[in-house]
Amino acid sequence: MTTTFPKDFLWGGAVAANQCEGAYLEDDKGLNISDVLPGGSDRFAHIVAEIDEKNYYPSHEAVDFYHHYKEDVKLMAEMGFKCFRTSISWARIFPTGEEIEPNEKGLRFYDELFDECLKYGIEPVITISHYETPLYLAKKYNGWASRKLIPLFEHYCETIFKRYKSKVKYWMTFNEINNTLRLPYLAAAIDIKNKDTSWFGDAFQASHNMFVANAKAVKLCHELMPNARIGCMLSLSNVYPNTCKPEDIFETYNFRRRSLFYSDVMMRGKYPGYSLRMMEEMGVKLDIRKGELELIAKYTNDYLGFSYYRTSNFASNVEMKYNTGGSVGIDNPYLEKSDWGWAIDPIGFRYTCNELYDRYQKPIFIVENGLGTVDTIAADGSIYDLDRMKYLAKHVAALREAIADGCDILGYTWWGPFDIVSAGTGEMKKRYGFIYVDKDNDGNGTLKRRKKASFDYYKKIISTNGADLALPEK
Ligand code: BG6
């Protein structure tokens, strides 16, 4: 069956403020939780801290998008982007998270960025919080474990919705909210120091608080911007049973539901029965206040945004580990892996799109997919990034199949269209971009941008609306 992509399909790219902007204290910005993560540090058990001058923090300058955004948006426009996903850095707008008045300089930056995108017909797709809770809130309240963050987030949403309502039509609340159970510091600003497994209680409570905040954001968004759409966002790289042993099959299903529980609540408006059992078995008792369940039921998300990078195998007797790409279990002998050990699985991508559309019957939006690799610069200065182009070709082909299967897909944003700092490891070496940025792991480099071979390749994919996937000759 031949299928093409819908005429208005949103091809584009995605980044997060804290991984590209730099300017980490400029124009009165406050610190966010990602600003205190040195390169290579543990993203899971991080202890909420101050900046230590002895450490190097790659994100402090990152690729200085704050001052290079015009050049970067122009390059993305040249590739034909229809949309660009980025986040608003909460601490640029409210430096501690508790101010009443927003920081005008921070607001102005995003005004200018969105205007620049719109000038080229690029729709901004905005994540309201992408691992960027203000550090002050993490330290004072233990992040989202406290319901104090709900009204603060609501005030932040109201401020940015009112300011950008004529510029932004696609919103998402929390990046990879299901990582609250896997990377609790990044996803929910929870410090899990010395808490063994009791942090699960905080993580579930944080999830509930974020569900309430999400519902309030949906309500506000629909009231203030009737033509806008607001999604939730999950990390949904998938997991397969390692064997056909019934225990492996069922427990894989249950394991997957530790993620899908988040979209079940936000897309369907209700805690599913299996999630109540899961919490009971973990000894978790949620503090749910009057009216909150009704709010969650009434204000569900308009679409499901998700990241997909890979798959992994699950077995009932193996402990799963996690990183930014999803869960890590047993290697799949049928799949090749990236330089960072992430299995490459385009059929898993088609499978995931179908799984999610079957489950919710609401539009889905692939807001992250990509390959982090080491780039080699040839003597003439060119970069022929064949592995990246192959990954892209296979995943776009899988997406086309998913559309032919009947999935309603709003768009596809490649992760890191220009090189940025890795969220999982703080490296620059792990590059996703079609545009190379001259900066290394130790902070050396001119920040000069240059096109890789994949630049023209993605441009061709977009201009043919996904029809021509033929790889270029070297
Ligand atoms: C996702 C995050 O988990 O994975 C991004 O939303 C992140 O912020 C991306 O960058 C890729 O992970 P990494 O660790 O390679 O940067």
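Which polar backbone atom is 2.7 Å from an oxygen atom of the ligand? That of Gly-424.

This is a predicted model in which local features need pLDDT of at least 70 and side-chain atom pairs count only at pLDDT 80 or more, while totals for chains, interfaces and linings use all residues. Residues are numbered from 1 along each chain as its sequence is written, and side-chain values use heavy atoms, with hydrogens and water left out.

View 1. A polar side-chain atom of Thr-324 lies 2.5 Å from a ligand oxygen, and one of Trp-415 lies 3.1 Å from a ligand oxygen. The ligand taken alone exposes 380 Å², of which the protein buries 99% (Shrake-Rupley method, 1.4 Å probe).

**View 2. Helix α2 (residues 65-78), a DSSP run of H or I with at least four residues.** A kink of about 35 degrees is centred on Glu-71; the bend is the angle between axes fitted to the seven residues ending there and the seven starting there. Buried residues of α2 include Phe-65, Tyr-69 and Leu-75 (under 20% relative accessible area, 1.4 Å probe, protein chains only). Just after α2, Gly-80 has a positive phi of about 90 degrees.

**View 3. Asp-419 in the loop between β12 (409-415) and β13 (435-437).** The strands are DSSP runs of E with at least two residues. Asp-419 counts as buried because its relative accessibility is 0%. Its side chain forms a polar contact of 2.9 Å with that of Lys-452; within protein, one atom must be able to donate a hydrogen and the other to accept it, and residues adjacent in sequence count only if both atoms are side-chain atoms.

How values were computed
A polar contact is a pair of N or O atoms within 3.5 Å; within protein, one must be able to donate a hydrogen and the other to accept it, and residues adjacent in sequence count only if both atoms are side-chain atoms. Buried means under 20% relative accessible area, exposed over 50%, partly exposed in between (1.4 Å probe, protein chains only).
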